[in-house]
Amino acid sequence: MGIPVRITFEQRGDAPRRLSLLVPMGSVVAALVFGAVFLLATGYSPLDTYSNMLSGSFATSRGVTDTLALATVLICTGVAAAFAFQMNVYNIGGEGQLYLGLIGAAWAGISLGEHLPSLVMVPLVLAVGALSGAAWIFVPAWVRSRLGTSEIVSTLLLTYVGASLVEYVIYTPGSYFRNPNTPFPQGRLVAASAKLDPFGDSRLYPTIIVSVVVAVALAWVVRRTEYGYRIKVIADSPKAAQYAGISARRTTMSVMLVSGALAGLGGALLVVGPYGKIEPSIVNLGYGYAGIVIAALARNNLAAIVVSAVLFSGLRVGGEKLQITTDTPIHIGVMLQGAILLFALGGEAFRRYRIRIVRTGVAT
Amino acid sequence: MRKAHKRVLALAAVAAMGLAACGGDSASTEDTTAPEETAVEETGADYGNLKVAVVYIGVPDDKGWTYQHEQGILQLESELGIEVKRVENVPEGDEAEATMEALAAEGYNLMFATSFGYGTPMARVAAKHPEGCFQWATGAKFLLTSEMGGEFATFDDIPANLGTYFGAAEEARYLSGIAAGKASASGKIGYVAAFPIPEVIRGINAFTLGAQSVNPDATVQVSWTKTWFDPTVEKEAAESLLDAGVDVLAQHQDTTAAGLAADARGAKWVGYNSDVSEAAPNAWLTAPTWNWGPFYVQTAKAVAGGTCPNEEYYGSMADGMVTLGSFGSSVDADTQALIAEKQAAIIDGSFAPFDGPVSDQDGKEVVAAGSRPELLDLLGMSYFVKGVIGSPQG
């Protein structure tokens, strides 16, 4: 006995434009409905929960600045992931490149001293952080572009090495990155000129401008330059690219290096912003991994990363604050975040495929 | 979130009988997850101006560090008849500041933060909210000065509404070491430890000295997990120590994972934080435990009375903040008597765990015979004593 219908997924040639807006919005609504059922079943008011989440993240000035503060680094890691993904290169080690960016930026901030003005120092620290992130992906990029070795494995494994490195430079007595005056493992502060002040009494730093400008500039590069065109050709058809005389090897290498640099920049932004030193707790926060989800949410569209990073940050910030403004346990907040992300990603199937129910005719 | 209203009432009854320093036993069995109406008892208008919040690094059900703080918070709730806001699973670092800021904005005027990594965020929020009172567990204020890598120019710039609280766990560590030393036939003991910071190093050393006081050749092998709370990692570290041949495990972790691993291999276990012998009754020897309740109660009362205690409170076995848990069935009467005798000596001050002579790993004398180190030296301890296997640098 079989069911006389079959569900088929037919790939759409070109996803209709209206769907690229409709589907994500529909996904969020579906997720909220799903969450509401769950909330009702566990005895919480969905309306209260959602309005509190909203006021904690987007509907109050404190919520907005907290959300943007988190988005500052997540835009970087999101762009880092998306920039590589759009060429079918899967750098999932943004987390590790972020650590190295943090270490590199801290080094520059400490060692380049007090003599340089902020205007020189801050860009310099950011540049060194970005370079450090690029350096961390150099070997995976090289073996990928030369030998075709899976970058998924190599970039991921290097993340663990990076985490150990962060711990090493903080927990080793006498380490350059550690404050020498105390037996407690505290990072050494960077020079005052390498540190920015937040806006007013918020936790938001001017570094948000850097993140947004980088994302928009890179989106422009991809859309409007020859380099961006090369990336697209390689992504669509490596063979055609080869025929057209485009060096896939060189482009892969450069795309991965830029991707690593962007994640490294994320770490550097933390140094000139809220940290001012290496905070070993960075290895528990998962900013780099979050970048992968953010890239997926934005469907690797670099400009859309800004929006998806802000949305993701709002969910995280609002979810955390749920505990404060309501009696909702933290697990509910985390569950809602997961549901919204899952639905948003799942909705992608509807955009890319036409779903048909086909009669198979004979029921036996 | 309120765990169980009944539990609060039970504790209130205990408190009413004058047993202020109650432990966690009476409350450890229930686990009600359904939310309930929270009817706050109006026991007095005195505390109407008090809004208390606690920021937890983990969850109150961890049967360890956070669980033990939860017992103290429950005692505070029942004695003062107020409700405390818990915020759970807050990661250390920058994002914790958003959480604490939001609490302060909601009008919470007494905040407890139960982890070392909350120091900078809490100090920042304290500076912005002089009307509130902020208490940082396991902290030390001098670490907030720029000289130490913090962000306040001098000690005097640290907000005056910030206090710290902690205690001499090393006293109970030493006593639990005696139980471990007696229990170890091979003289090889393992220690699952979180981070190579002075607090943990001090505990390992005190434990080792206690074990060696009854088992002079005992060694303590350390395995670092670089996490406070991760049952999987803690279990793996415990198993690698058991594979290396240790027959007793101790821990500086928040869960009972090491105890379960020891139990599975027939080894013995010294826990930490909570008296949770039921987790692994056969392996259980004892555990250094905390009793935070009296501190929470006295601090809340002071704040309600208009003062924010901003000293660096360092409790001990003498004042009851540090305690030793119950003994497992394998700890014989002689050992218990010996531990009781040492405990009495610690409480009356005639003995302290680091009384000289003490040598470091290389055999170099670090505390001379007949002398007792200053508290500040203990707080900054960064060496391992002789007999510890492993590196104090992680």
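Let me start with one pair of residues. B:Val55 stands opposite B:Ala113 in S3(B). Strands here are DSSP runs of E with at least two residues, helices are runs of H or I with at least four, and both are numbered from the N terminus.

A word on the source. This is a predicted model: local features need pLDDT of at least 70, side-chain atom pairs count only at pLDDT 80 or more, and totals for chains, interfaces and linings use all residues. Residues are numbered from 1 along each chain as its sequence is written, while chains are lettered from A and ligands numbered from 1 in the order in which they are written.

Back to the strands. S1 (residues 52-55) and S3 (residues 110-113) of chain B run parallel, joined by four bridges. Two strands count as paired if DSSP finds at least two bridges between them.

Now the whole sheet. It is open, with six strands of chain B in the order S2-S1-S3-S4-S5-S12 and parallel pairing. What stands at the edges? Strand S2 (84-87) and strand S12 (312-315) of chain B do; each has a single partner strand, so one side of each is left without a neighbour in the sheet. From one strand to the next, the twist averages 20°. Angles run from 0 to 180 degrees between N-to-C directions, and axes are lines fitted to C-alpha atoms, for helices over the stretch in contact.

Next, the helices on this sheet. Helix H3 (residues 94-105) of chain B packs on it, touching S1, S2 and S3 of chain B. The direction of H3 makes about 170° with that of S1(B). Contact means C-beta atoms, placed from the backbone, within 7 Å. Helix H9 (residues 293-304) of chain B also packs on the sheet, at about 155° to the direction of S3(B).

Inside the order, three bridges join S8 (residues 248-252) to S9 (residues 268-270) of chain B. B:Val248 stands opposite B:Lys268 in S9(B).

Last, the domains. Chain B has domain 1 (5-167 + 291-315) and domain 2 (171-287 + 328-389); the bounds come from an automatic or database domain assignment. How many residues are in contact? 15 residues of domain 1 of chain B are in contact with 15 of domain 2 of chain B. Helix H2 (residues 65-80) of chain B gives the largest share of the domain 1 side, four residues.

Definitions and conventions:
Contact = placed C-beta atoms within 7 Å.
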